[in-house]
Amino acid sequence: MAIAKYEEIKQDIVKRILSKEFQPGQKISSEAELKSKYNVSSTTVVKALNELVSEGYVYRVQGKGTFVTKALRGTTVRYFENDYKYFDRSDERTEVISVKTESTSEIIGEFEEGIEVQEITRLKYAGDIPIQLTTTYMDSNYIQGASKEQLKSIYDTVREKKNINLFNNQFEENFKILSPVPNEIKKLLKISGEAPVVFITQKTYSADNKLIELILSYKKHDYFDITVTSV
């Protein structure tokens, strides 16, 4: 069965990107060139290009054209946190501020209905300096009966209780600069002035794609250092 013209254009461009004919950052064929090559209207070309943008293959610059994204799409990557460059690891410590049981809220709605969720708030220190405030919403089944001391390291506790290494589970993580910083966060992290923080969100999933944990974390910008490498 014949495919739609815009889909044909999309597939051809994707093939040229994946084959490295179009390199990251390189400008691809113009709208006029695509119209002529495929004998289609501007509307068809624009639809194809817009879908390629939304799927992360290309980006468009007004007045200049369409370019191959520099993102490592489809590539397995490994990333490393380098914050230990800024303090002695032996000085690191974690304080559990609070542990609560949640059942209903806007955030808890991310979880499967009927799941009991633990809300664990922790503060990470480098010596006497607070550097990261983290609230973890965790399916209670994974940490049932854990003490505050055990919850200083949630992943170690899950490994001990469930024999599951959450570092191997599917996850998605997002980083963004947050400014201004909410006063409560500034107070706990002892931030003065208008310094921003890095706001980190992470979702970790089980093998059957159910949400295990949702993490909301605020890290001082001067302790944030990430290296990403392809595998």
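**Starting point**

I am working from a predicted model.

**More on α3**

Next I asked which residues of α3 are buried. They are T44, V45, A48, L49 and L52. Seen down the axis of α3, these buried residues fall within an arc of 130°, so they line one face of the helix. I then looked up what covers them, and the list includes α1 (5–18), α2 (31–38), β1 (58–61) and β2 (65–68).

I also checked the length of α3. It has 13 residues, 42–54, and at 1.5 Å a residue it should span 18 Å; the end C-alpha atoms are 18 Å apart, which agrees. Just after the helix, G56 takes a positive phi of about 90°.

**Domains and confidence**

I stepped back to the whole chain. The domain assignment gives domain 1 as 5–74 and domain 2 as 78–230. Their centres, taken over C-alpha atoms, are separated by 38 Å.

The mean pLDDT of the chain is 88, and 93% of its residues reach 70 or more. Strand β3 (residues 77–81) has the lowest mean among the elements of the chain, 72, while helix α5 (residues 183–189) has the highest, 96. A reminder to myself: where pLDDT is low, the predicted coordinates should not be read in detail.

**Strand β6 and its partners**

How many residues of β6 (residues 129–139) are buried? I find 10 of its 11 residues buried, so I call the strand mostly covered. Strand β5 (residues 117–126) runs antiparallel to β6, joined to it by 10 bridges. One pair I picked out is Q118 with M138 in β6. The hairpin of β5 and β6 has two residues between the strands, and there G127 takes a positive phi near 70°.

β6 also pairs with strand β9 (residues 211–220), again antiparallel, over seven bridges. Here I noted L133 standing opposite Y218 in β9.

**Two buried residues**

Y125 is found in β5 and is buried, with a relative accessible area of 11%. Leaving out residues up to four places away in sequence, Y125 touches D91, E92, R93, E95, P130 and I131. I also looked at T94: it is 31 residues from Y125 in sequence, yet the two are 6.1 Å apart in space, C-alpha to C-alpha.

T157 is found in helix α4 (residues 154–162). Its relative accessibility is 2%, so it counts as buried. Its contacts beyond four places in sequence are I143, A146, Q150 and L151.

Most residues other than glycine have a negative phi, and most peptide bonds are trans. I went looking for exceptions.

- N39, in the loop between α2 and α3, has a positive phi near 55°. At 71% relative accessibility, N39 counts as exposed.
- N163 lies in the loop between α4 and β7, and its phi is also positive, near 55°. N163 is exposed too, with a relative accessible area of 70%.
- The peptide bond from S179 to P180 is cis, with omega near 0°. P180 is found in the loop between β7 (171–178) and α5.

How values were computed: Residues are numbered from 1 along each chain as its sequence is written. This is a predicted model: local features need pLDDT of at least 70, side-chain atom pairs count only at pLDDT 80 or more; totals for chains, interfaces and linings use all residues. Side-chain values use heavy atoms; hydrogens and water are left out. Domain bounds come from an automatic or database domain assignment. Helices (H or I, at least four residues) and strands (E, at least two) are DSSP runs, numbered from the N terminus. The expected span of a helix is 1.5 Å times one less than its number of residues. Buried means under 20% relative accessible area, exposed over 50%, partly exposed in between (1.4 Å probe, protein chains only). The arc is that of the directions from the helix axis to the C-beta atoms. Contact means heavy atoms within 4.5 Å. Two strands pair if DSSP finds at least two bridges between them. pLDDT is the predictor's confidence in each residue, from 0 to 100.
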